Amino acid sequence: MKLPDTRCWKATSGCAALVLILIAAFAAASRAEHGSGGLPAKIAYCKDCHGPAAQGFLGYYPIPRLAGQQPEYLANQLRAFIEHRRTNNIMFNVAHSLSPAMVAGLAASFRALNPPPLGGGPRSRAEEGRRIFQDGVPEANIAACAACHGPQATGAGIIPRLAGQVYPYVIKELVNWGKERGQNPTIRDTSYIMSPVAHSLSRSQIEAVAAYVSGLR
Amino acid sequence: MKAAGVKLALLSGLLALGCAAAVRSHAATPADTVSQRDVAAKLAYCEVCHGVEAQGFRGYYPIPRLAGQPIDYLKNQLQAFIERRRTNNIMFNVGHVLSPAMITALTDDFHKLNPKPLGGAPQDTVPAGKKIFGEGLPDVKVPACATCHGPDGKGNGPFPRLAGQLYDYVVAKLTNWDKERGQVPGKPDTSAIMQPIAHNLTQAQIKAVAAYVSTLE
């Protein structure tokens, strides 16, 4: 230990503080979910609909892949369901019982999963979708998806990962953007960024982009 | 027979009018003009990535503020993307479909915008950055940034505005100067001016200057 005493103390107390925070978070998570099995049980519950590895699932609705998703995006969407910014009655009911510690635990768990894509998108449209994703359609004022979602479609922060997302889910979201997102006029959220893009894309272009991203690992 | 004759007369009349209009517009103004509606649609498209009022946005990459930028600088950069002097595939695609009239309209609009800085920079290095910006680092041949970018960082002509620019964008540009700018050996451009300066700044100095300019209004 060549560190001066004060730095050494600071480092030690910093570690101690971190440990305390972690313990408190876990304690809060297990307290909130007491009697229901905590985080593992909640993850199992999510996977009932989102698929065994959270790779997405085709139920009555296409249910999105959560695996590898950006934690900040997941937390923001859970909040959006609760605040009716994003309309989905099932997810409202799921979300409003989750404690903040549970949301953080779930988001971290889903982030760590990396199953292969669910598949099912038409591969014949993927090349056209790749061009739209990487280059945009400048003549039609459609921005390149890659600018925000990243060249590998992994997303960043509040911007979602699209890689491996379920094909019909991507289509459904883009087609219904203005009806599902940004629905609480008193709370402005980041969904407005996608509005003009979703609006400018034709149905055929939406299908091509969905085919491309749904095949990305 | 009579109807056909009337049609023919009408058609030739219209043709003559069309030719006269074409000649007149060619003589009076540049042949290429752009409607307010098209400009508004294009601006909305730019703002998808560059943020509300073009104040900059953090997508997968930090996407620069365009608001308040000098017109000459914006025009020169769009030209640089098109000529591959500045490498950026997304902006190449955006730039190469823009007509001269559209570029004039867009750059005028961006220059006039004046939103607050986006923020998000570390504050502790701001004083060090202010000193470098105002005084330079004579020992390592770094001139004061204010000499060209102006004492308030608002830029002038081909020299960009730095005031309110995104911290992480400025850091990325100064760090990668040689790899992104002046990439066509046969077409030297004004980016050569910054080359030795970017080269002589340490990473810590770059971060300090970036933090300072990002706070300027």
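So, burial in chain A: of its 217 residues, 35% count as buried. Keep in mind as I go that this is a predicted model.

What is chain A built from? Its secondary structure comes to 11 helices and two strands. If you walk along the sequence, the pattern goes α-α-β-β-α-α-α-α-α-α-α-α-α.

Let's zoom in on one pair of helices. Find H2 of chain A, residues 38-50, and H5 of chain A, residues 100-112. How do their axes cross? They come within 10 Å and cross at roughly 60 degrees. H2(A) and H5(A) are therefore oblique to each other, and their crossing is right-handed.

Which residues do the meeting here? On the H2(A) side you have A:Leu39, A:Lys42, A:Ile43 and A:Cys46, and on the H5(A) side they meet A:Met102, A:Gly105, A:Leu106 and A:Ser109. By class, that contact has five nonpolar, two polar and one charged residues.

Okay, on to where the two chains touch. Chain A puts in 17 residues and chain B puts in 14. On chain A's side, the elements giving two or more residues are helix H7 (146-149) and helix H10 (195-200). H7(A) gives the most, with four residues. And what classes of residue does chain A bring to chain B? There are 11 nonpolar, four polar and two charged residues on that side.

Last stop, chain B and its domains. The domain assignment gives domain 1 as 1-31, domain 2 as 33-112 and domain 3 as 126-215. I'd like to look at the second and third of those. The C-alpha centres of domain 2 and domain 3 of chain B lie 21 Å apart. Their contact takes 16 residues from domain 2 and 21 residues from domain 3.

Which helix gives the most on the domain 2 side? That's helix H3 of chain B, residues 71-82, with four residues. By class, the domain 2 side that touches domain 3 divides into five nonpolar, five polar and six charged residues.

How values were computed
Residues are numbered from 1 along each chain as its sequence is written. Chains are lettered from A and ligands numbered from 1 in the order in which they are written. This is a predicted model: local features need pLDDT of at least 70, side-chain atom pairs count only at pLDDT 80 or more; totals for chains, interfaces and linings use all residues. Two residues are in contact if their C-beta atoms, placed from the backbone, lie within 7 Å. Ala, Val, Leu, Ile, Met, Phe, Trp, Tyr, Cys and Pro count as nonpolar, Asp, Glu, Lys and Arg as charged, and the others, Gly among them, as polar. Domain bounds come from an automatic or database domain assignment. A residue is buried if 20 or more other C-beta atoms lie within 10 Å of its own, exposed if 12 or fewer, and partly exposed in between; C-beta atoms are placed from the backbone. Axes are lines fitted to C-alpha atoms, for helices over the stretch in contact, and angles run from 0 to 180 degrees between N-to-C directions. Angles under 35 degrees count as roughly parallel, over 145 as roughly antiparallel, 65 to 115 as roughly perpendicular and the rest as oblique. A crossing is left-handed if the near helix is turned anticlockwise from the far one by less than a right angle, and right-handed if clockwise.
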